[in-house]
Structures are given as C-alpha cells and as structure tokens.
Amino acid sequence: MEKSKTTSQTRTTVLHIVQPNQKPTTTMRKVKYEKGSNYSCQVCQARPGHLLIACPVFKEKTPKDRHQIIKELNRCYLCFSEHRITQCSNTRVCSECGGRHHSLLHLRTTESEEQPVTANTTMLSAANERPDRCRVLLSTVAILVQDVNGDYQEFRALLDGASERSYMTEVCGRKLGLARQKCNLVVRGMSDVQVASIKSHVNLNLRHERSSTPEININAYVVPRITGLLPSKRVWKAEWKHLKGLELADPRYDEPMSVDILLGADVVPYATRSGRREGTGTEPVGLETVFGWTLMGNTGTATIETASTFVTALEKIDSTLRRFWDMEELPKISIRPPKT
C-alpha cells in the first residue's frame, strides 16, 4: 500500500500495511519527512521510496536473491513488512507451493545453486511446476463470524461430519476477541491418540459470506491448530461440466490455505441441503449447504508427472568414448607356441 499526500508544508509517504486500530510505530513515523528531505528505496535507491513489491530492481532478481535481500533487511518473508514471520497476522500463502512465504520468494526445483564451470561437471535439475491433477478435496467453506464489536470477519471453515465437536484456532479466537468459558477436555484422534488438551470454548454466530440468513449459533472449542494447509498443494482447476453455474461456498478451494474453524457433526447435518451434483469417479462431487456448494472428492486421474532432466558434461565426446571402449575392451592374451 503506497499513499502520498502533498501540501505546502509536508509530504507523507506510507510504506507499511496498517491494520485497523494499529498505532503508528517508530519506523512508520520515520517515514514522515519534511519537504526537501530524501527517502530512497532500500533496494534501487529511487526517490521517493516505494514498497518492495513495486520495486522493479527487486522483481527482476531471482527468488534466491530476493530471499537474501529480505533476510538482510530483517523483513517478513510473507508480507515484506518490518517484523518477523512468526509475528505476521497475514493469512495468505505462496500461490505456488502453499508455503508461508511470499510467491516472489518461491524457489522452483529448476533453480539450482550456481556452481563454477569446471571439467567433468554434471548438473542435473528437474521441473514439475504444474498443479496436481490427482488430489482429494475436502469440503471447505468461506464464512463470516461475528466478533466482539458486532462486526463480521471472514474465515475459512472445514465441514467434518466425523468430528463430534466443532473447533476454532487460537489465532481465530484472538481476532474475534469474544469471551471464553473455561473447560478441561481432551481431544483424541486416530488410534485413540491424544492430540490436544482444551481449556476453553466460545459461542460463535456465523453466516454465509454473501447472505445474512440463516445465522447459525455454535459452540466451538479452542485449539492451537486444526490442521495444515488445505489442500496441501495447489489443485488443478478444471472446467467440470456438472459443477457449471454453481455458487461455490469456497471460491478459492484450489488454493492451499489455513483452516480457522472446524464444523463437526453438531453442525454439519443441519447445514447440509439435499442438492448433489455428480460427474465421473475422477471428478469432485458438488454438495449443497446453507453456505453454498462445497466440493469433495477426486480432482482427476493419476498421471505421470512431467519431469525434465538436463545434463551438461564439459568434456569432449571422443575422450568419453575412448574411456568407454577401454573399459569394455576384452583383455589381450598373448598366445605362445607350445614348447617342443
């Protein structure tokens, strides 16, 4: 976000994403300067300065070089602001791999470490950058949840009819600021293994992202984390004919994103409607809910993934062949006439 305001006395340039109700930090205040002073970009030295995301020199560099720049400037690897990645509240992830870093810092497998070119050097690399064609989708929905001020915030929820209870993450709870009630429960998962210890639960009012009705009231137990990114990798988005024209509950179902809320069997049966759209066995099924249509199931058939291998041998072919024939050549045996 870059904003400039010029008057007869001062000019202000904002180079940070300011969250609502956030007080200006010392670094932010330093950006405000009197007319005539110079503020330059830390990468290209342009005046006036601009965001790293808008810096042409920064964007022209390789992901490895960009990563090094962010490290040297002590910036966040996700939003490029002046804080640590562990302190970043941004929920976006890399569009290439779903990792918790900016897409400009994504290192593709085709990029290898630079090596000095010497004789007898072989360099191998593989390329596989297409989204997965074979992956199973779980039912995710985009919902609005009412916070302590009566406003609604957007979160991503997972519909899980195999869970006895509904849950929310600690991060989600802090954003909502709702009063919690104490409890002491243990959550067990597969193989009856204890996976979490719960100390509090919260009452939530949630509704459809694009409709004010119906509004559902649930009781959610607070856990540190629900699951990893869903889907774990970006999904190949096809034009499935049986799903054409449906209002999806999660339009970004193909992007790896975090799950903030899990809606269990105490909610799923009452949020599910009768609509169902099926294609082939290798295509996802559309299921109608009060939040819109969710997608569940396979996204395609397993295919051999594209891989390219490049080999560079800095050696003359004749010497290589000569060594090969030397190794394969039969041993020479001298035959002497028998002694008489």
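A residue is regarded as buried when its relative accessible area is under 20%. The model examined here is predicted. C55, in the loop between β3 (33-34) and α2, has a relative accessible area of 0% and is therefore buried. Apart from residues up to four places away in sequence, C55 touches C41, V43, C44 and H50. Q45 lies 10 residues from C55 in sequence, and the C-alpha atoms of the two are 9.7 Å apart in space.

The protein chain comprises 340 residues, of which 33% are buried. Its secondary structure consists of 6 helices and 14 strands. Among contacts in the protein chain with a separation of 6 or more, 54% involve residues 24 or more positions apart.

A search of the whole structure identified 2 aromatic pairs. In the pair formed by F58 and F80, the ring centres are 5.6 Å apart and the planes stand at 80 degrees; since an angle over 60 degrees counts as edge-to-face, the pair is assigned to that class. F58 belongs to helix α2 (residues 56-60), whereas F80 is located in the loop between α3 (63-72) and β4 (136-137), so the pair ties together parts that are 22 residues apart in sequence. Both partners are buried: F58 has a relative accessible area of 0%, and F80 has a value of 5%.

The rings of Y167 and Y221 also form a pair, with centres 6.3 Å apart and planes at 50 degrees, so the arrangement is tilted. This pair links distant parts of the chain, as Y167 lies in strand β7 (residues 166-169) and Y221 in strand β10 (residues 215-223), 54 residues apart. Y167 counts as buried at 13% relative accessibility, and Y221 is likewise buried, with a relative accessible area of 10%.

Aromatic rings also face charged groups. The charged end of R207 sits over the ring of Y152, at 4.3 Å from the ring centre. For R277, the charged end sits over the ring of W293, at 5.5 Å from its centre.

The largest nonpolar core contains 24 residues, and those with the most contacts inside it are M168, L204, I261, L263 and F291. Two or more residues are contributed by each of β5 (140-146), β6 (152-159), α4 (170-176), β9 (194-208), β10, β11 (261-263) and α5 (268-271). The greatest contribution to this core is that of β10, with 4 residues. With residues up to four places away in sequence excluded, I261 touches I143, V145, F155, R156, A157, L158, Y167, M168, C172, L204 and I226. A second, separate core of 11 residues includes A196, I198, V223 and L230.

D260 is situated in the loop between β10 and β11. This residue is buried yet has no salt bridge. The nearest side chain of opposite charge, that of K175, is 5.6 Å away, whereas a salt bridge requires a side-chain nitrogen of Lys or Arg within 4 Å of a carboxyl oxygen. When neighbours within four places in sequence are left aside, D260 is in contact with F155, R156, Y167, M168, T169, C172 and I226. Y167, a member of the tilted aromatic pair, is thus among the residues in contact with D260 and among those touched by I261.

Key
Residues numbered from 1 in each chain as written. Predicted model: local features only at pLDDT ≥ 70, side-chain atom pairs only at ≥ 80, totals over all residues. Heavy atoms only, no water. Phe/Tyr/Trp six-rings, centres within 6.5 Å; stacked < 30°, edge-to-face > 60°. Buried < 20%, exposed > 50% of the residue type's maximum accessible area, 1.4 Å probe, protein only. Lys NZ or Arg CZ within 6 Å of the ring centre and 35° of its normal. Core = buried A, V, L, I, M, F, W, Y, C linked by side-chain atoms within 4.5 Å. Contact = heavy atoms within 4.5 Å. Lys, Arg positive; Asp, Glu negative; His and termini not counted.
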